Each structure stands twice: as C-alpha cells, then as structure tokens.
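Keep the 3D view open as you read.

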Amino acid sequence: MTQNLVDVRELKKYYPVTGGIFRRHVADVRAVDGVDLALARGECLGLVGESGCGKTTLGKAILRLHDATAGRIYFEQDSDKVESVEAMLRSPSPSERARGRALSKGMDLNRMKGSALLALRQKIQVVFQDPTNSLDPRMLVKDIVAEPLVAQRLVKARDVEGRVRELLATVGLTADHLMRYPHEFSGGQRQRIAIARALATSPEFILMDEPTSALDVSVQAQILNLLRKLQEEFHLTYLFVTHHLLVVKYISNRIAVMYLGRIVELGPTAEIFARPLHPYTRALLSAIPVPDPETKREKIILSGDVPNPINPPSGCRFHPRCAHVREICRTTEPLLETANGGGRTVACHRWREV
Amino acid sequence: MSTALQTLVETSDLHTNFYTFEGVVRALNGVSIVVNRGETYGLVGESGCGKSVTVRSLMRIVQPPGRIDSGRIVLFLNERDRSRGIEILQRTETYMQSIRGSDISMIFQEPGAALNPVLSVLDQVGESYRLHRMEQMITETLAGLEGERTAMHRNSPRRAVRRLQAALLKAERRGLQRWAALVGRIDNELYLLEDRQDVEALARKESLNRGRDRARPRSGLASIARRVPLLRRYRRPINATIRRHVVELLRSLGIPNPENVVRRYPHELSGGMQQRIVIAIALACHPTLLIADEPTSNLDVTIQAQIVELIKDLKRTTISSVLFITHDLGLVAEVCDRVTVMYAGDVSETATVRELFRGPLHPYTAGLLASVPKVDQREELSMIPGAVPNLIRPPEGCRFHPRCPKRMEICEIQKPPTVEHSRGHWVACHLYPGRGNA
C-alpha cells in the first residue's frame, strides 16, 4: 500500500469581503485558490513565496485552524482509494459525483468532526513563527509542554512530568527550565519550548510556519540543525513555510513555490535551485543576497508589488510582472504540468522557451 | 582618490546605557566607528548587539531611559568644518534638529511603525521641506506667483490678492533669512570656542547655546497675518510648491502614479511602498549621510531586491555616504564597502567586505559567517553555542568569551584592545596581540 501522508486536492480558502450598510458579501480574498500538494512520509517540503501569497493560509487550512472553503485534505489515506474517489468527483455524471462525495466524507480531513478530528490532531502539530506570541506568558514551561498531553489524555497524570522532562531533553533544554516562564528565555530557547510542545503528542506531521524568521543568525543555525535531527530521529514529515530561500534549501527535499494563492512550481530542491523553470522562481532565486562579495550575479528585479488577491490578474497571475509575457499569458491561466520528469511540475505557458 | 577617504562621521569610545528597573543595560561598551565620505558602511550583528543604539546615539535620538554617558561623536559636514569636526554631543537639541533630516537622515526599520497613521504621505514627506527648506520653498512660490501675476489683466482684483500674498511671503522669507544668519553666526562662534574649556569660554558657550535655542524665524507682518482669518491663506501657494516637490521625489524613487499616492495614508499602501515612502522622507533634503536601519528586514526578497537596488542607485547619484545596518550577511556582501561586526555592545572587527568574508579574524565573525546557509550548503551548518548575553550583567573581559571556541584565560579578565591586524583590518581579540592599544 503506497500512501502519501498528506494529500491536498483543489484546496481553496476565500475570505469574504463585506460592504454596504447590510454588510453584504461583495467580494472574496482568494488567499488559497486551488492548490494540489502531496507530502510523502518523512520528507520536508518547503513552501516559499512572498507575504500575502497564501502560504500560511494553506498551512493553517491543513491544520484545520481555518476551515477551507473547498477542496479535500487526505491524511494517511491509501493512494489508490484517494485516486478512485478523486476520479469519481471529477466524473461528469452527478450520481457518480455524489457517490464520490459520500465516500470522501470519511477520509477528508476537511470534513471531519468530533472525536475523529481530535484523534487526527494528535498526529498533526505546528510550530509558529514568533515564540514570544505562541507561548502563553502566564504558564510555566512544564504546563506549556504538558498541555497537549493533558488535552489528548495521552499519559497518566503521574507520568506527565517525566514525559515533559524527556521532551525538553530532546530539544536541548534541561529540567532546570521546568519551573520558569517563557519571558525568562531567549528567543532560541523559546522556540525550543514550542518545538517540545509540538513533539509532545508524537506527531507524524509538523507544520513549520517560519520557525526561524524571528531568530538571530547564530541561533537560527542551532534551531535548523535541531529540526533536522528531530526529523531523522522521529521520522517526521515537515511542511516548512518560509520566505527565506537559503533556509529552505538547507532543510527541505522538495520546494513548492507559491504566487498569489497558487503553486507555480514544484520540484526537488537541488533541481529547482540549479534550473528554475518558472520566471517567478527565477526572480525569487536571483534576489537572494549571497553572503559572498566575490560572486556578482545577474539579478532579476521584478517591478511592482504582488497584486491584490481580491481581484487577481486574468490569465497567468504573474503576467503583469513577468518579463516573458505573451498574449496567451493574459488570457488563459496556465495549469501545473509535468516538466523534465523527476517529479517537477511548473505552471507556465512558456517554460520551454524562456 | 584622496577625497573619497575623508572622514564624515567618527565616534570614539561611545558608551550608551539604559537605566531600567532591572538594572543598567550597558548597550554600548566603547564603540568606535568611522564612516568615510563616499562609502557604504555596514554595521552587522545579531539583535541586541547595539547596532541600532549606535546609530541612534549618532543621531542623538536615544530615548529615555537610555543615555549617552561618555564618548565623542564628531561630524565633518561642510568645507569649513573639515579641519576639525563638530562635536555634536556638546551641541544643543535645536542644533541637532537642524541637522537631522537635512544633513543626516535615517530610514527606520518597520515602515509600518515609522509612518504616522493619521497623516497623509504628502504631509509626512513634505515635513522635511517645511522644516529645512522653507526659504527655498517660499522663493519658488514667489517666482510662481510672479509669473501668474504678469499673466493677469492689469485691473483684475485677483492681481491685487497675488500682490498681497507676495508681500506677506517676502516678509516671512526675510524673517527666515534673519534667523538663518543669526544661527549661522552663533554656530560659527561655537565652533571656534569648541576646544576651549576655561570658565569664560564655557559661560560664553552656554549663553550662545541658549540664544540659539531661543532664536525663531520672526517677522512681524507675517506673524500677524498668520493669526487673521482669510489673510492667513497667503501661505496656501507654498503647499502647492511642496506638493510639487514631493510628487517629483516620489516619482524619482520609482513609485508609480505619485500624484495619487501623495493623497494616501500609510495603511493604504503595501509594505514595499511604505518603505519607499520612509526612504523618500529620509531623502527629501538630499542628506550627506543616509542611515539605513534594517531597511529591508520585514520585506519580501523581491521587494528587498528592489529597495537595495534603489539605495545603491541613490548612492551613485544623490547621497554621499550610506550607513547600512543589517543582520543579513548576504546583504552586507552585496551592498557595503566596509563593515563593522558588533557583538553585545562591542566592536569585534572592522574590515573591507572582501577581506572580512575571505579571512575573518575574530572567532565571532567566523562563527557568524559559518552559521549562514550557503547556496551550495551540503554539510551540516556549524553553529555558535549559547545565546547573546544579557547586557545588564555582561560577561567580564571579552563579552564573547562564554561562547568562544578559542577562549583563553586572559579573555575572562581583560577586554581585548582593538588592533590593526593588517592595513585597514581592525580586530578586538586577544588572539591577535597588537602593538599596544590603538
């Protein structure tokens, strides 16, 4: 049985915009607009893009912190079954589609409720960007780390402290730290506490939402190495959301590049860095400042800002900023297509030429 | 080129402390940096290393409970001052106000917090012109009025209005000119007295400083007119002049549709656009030194690339020196000519960018360089153990010694002197015994 740990299909998350006296629904912010993404067990997928491109929203939708507007999220489901259900949902006959919907109900994380959802939450965890905000300032470290254990009733009350000590040891903290409050720690240590809390329920999948962006360079290296070590030790799967491309390069096996709610390119890290296919990926990679004054590279400077996701550009969403724009880019939206084999996909009309 | 290496600003042995309830935070522990004319100078370090405090001390905008306790900051601004700089710690706040935004200006980090949410872009960018370039604005306005008046019919009543406006503006300009002349005289005398420390000179200095603080641009006619309704409208054409300048400035910074942007408020703009507005405020009066305090740290890489290109362009065209503060070593490599690495309020190492990246001397610099992921990173990232120390009780001796892999006994006792290891490459570490204290 082959299976993807997480399989996201056509996921959409719209935020309504209301206006007028009656707060009428006037438009949607299309934060995530049709994303397909699959994570194999034990891999680390880096999700990169500019702020406002929907990468955090996508992560939170997978966690069910936000309920997605449409789409399916399969967690630990058999691939063959997922494919057959997806085929049903795509079929032209309404009865077939209804059958697909009924079948997917038990498998789709997006539609789960109650105890089934609670059980899954054990396997899905998250580490947020800023540990100063994600840790309750009025709770002791031992309570913070124990909270998931208590909430999920995973260990007996008398064993909780032992487990907490064990968790703190795995992230490089000691028992001295148990009876302290988060403000007594430095940023790096706080992030370690957040990681210990995420590990408490022995999850399979952890969403890393910019876990190192708020940290200093020297501490960032410590946390990255820790995350790598933990991934090997516990066989974890990461979805690593960040805008720092060199960090993603260091830690992830595959990269997905998002732009304005859609994935524009996806592939193995080394290949994407060596030969980016999408013009946006190229601009993004060329904009990384390289810590080496000897190498002077050709930079692609994109003009303008990311467009408003309430009213995304027609056709290819990147076309107003793209240097290689043609008529077709303005009218038709490119779909993700396989490129060069090796699991690379790209959504661009002209990737072969440019 | 000899002119390229003239000192513009120099700080020596600067101590800035913050007197908090928990104790005294010794944020700067004797910082000495030199920014030359025509160079881009980088200040790198982790958060809390004192890089922002250094430039805030330089601008004298350290906020309480912080205080500059000792040290010197010398500014070499114009031709007259070059033989000997102006020591700005001895000058008054009003003197600093005349320099800030005009000769030295600063791009603050986090544009969202640096901009005032209740003022439009026009008001915020135009403020620099109002404060520092009023005379020029009035002159330009007068020229415009003159043109308008001659185009009008002889007996038109609006012509009389224009004439009245022009008269009042001229009166205001006279007031400004008188004030500028007075302030110039006082500054000149203060400059001559600067080195003298005898009682007589000190008393004279104090009275001069008081006189400078009290001096205001005054003009009887204009100040009455400003209090009379309807009559006070004479200043309206100045607004149009300022608006024209602001629009022009925004356009030169590559902001699309500046006529429209000028009317907007900060929250209506994107992060990159806000940062450009902050840059526009800093550049309005063509400063000699531009301080950029993490100008891109909250922006996306593509926007960061745009802003960095912009600053590089400006460096080539309008401004003489840039003091670039960042924690991103990649940016330093791209933008700067010379760099200083700071750690916990100390200057660790100063060198040209090329030399620093090729042969870092200080163990902290080396560790910092090694802990950044490279483009071709294969092996595990090396890291510096521990974390930045608390500056209320900083480590004795060299402040880096608890984290240093090459720690020696002397490091725990004595603060290492800064020595010139090779030409232009300064380092403060006991590994490099120098020829005495520098």
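To follow the helix pairs below, you need to know what an angle between helices is: axes are lines fitted to C-alpha atoms, for helices over the stretch in contact, and angles run from 0 to 180 degrees between N-to-C directions. Bear in mind that this is a predicted model.

## A helix pair in chain B

Find helix H5 (residues 134-151) and helix H9 (residues 236-252) in chain B: they pack at an angle of about 105°, and their axes are 9 Å apart. Angles of 65 to 115 degrees count as roughly perpendicular, and H5(B) and H9(B) are therefore roughly perpendicular to each other.

Which residues meet here? From H5(B) come Met137(B), Ile138(B), Glu140(B), Thr141(B), Gly144(B) and Leu145(B), and they meet Pro237(B), Ile238(B), Thr241(B) and Ile242(B) of H9(B). Sorted by class, this contact has 6 nonpolar, 3 polar and 1 charged residues.

## A helix pair in chain A

Now turn to chain A, where helix H6 (residues 141-151) packs against helix H7 (residues 160-170) at an angle of about 115°, with 9 Å between their axes. Their crossing is right-handed.

Among the residues that make the contact are Val145(A) and Leu149(A) of H6(A), along with Val164(A) and Leu167(A) of H7(A). The contact of H6(A) with H7(A) has 8 nonpolar and 3 charged residues, but no polar ones.

## Where the two chains touch

How many residues does each chain bring to the contact? Chain B brings 37 residues and chain A brings 31 residues. Several helices of chain B each supply at least two residues to its side, including H11 (271-283) and H13 (329-335). H12(B) gives the most, with 6 residues.

By class, the side of chain B that touches chain A has 18 nonpolar, 11 polar and 8 charged residues.

Definitions and conventions:
Residues are numbered from 1 along each chain as its sequence is written. Chains are lettered from A and ligands numbered from 1 in the order in which they are written. This is a predicted model: local features need pLDDT of at least 70, side-chain atom pairs count only at pLDDT 80 or more; totals for chains, interfaces and linings use all residues. Two residues are in contact if their C-beta atoms, placed from the backbone, lie within 7 Å. Helices (H or I, at least four residues) and strands (E, at least two) are DSSP runs, numbered from the N terminus. Ala, Val, Leu, Ile, Met, Phe, Trp, Tyr, Cys and Pro count as nonpolar, Asp, Glu, Lys and Arg as charged, and the others, Gly among them, as polar. A crossing is left-handed if the near helix is turned anticlockwise from the far one by less than a right angle, and right-handed if clockwise. Angles under 35 degrees count as roughly parallel, over 145 as roughly antiparallel, 65 to 115 as roughly perpendicular and the rest as oblique.
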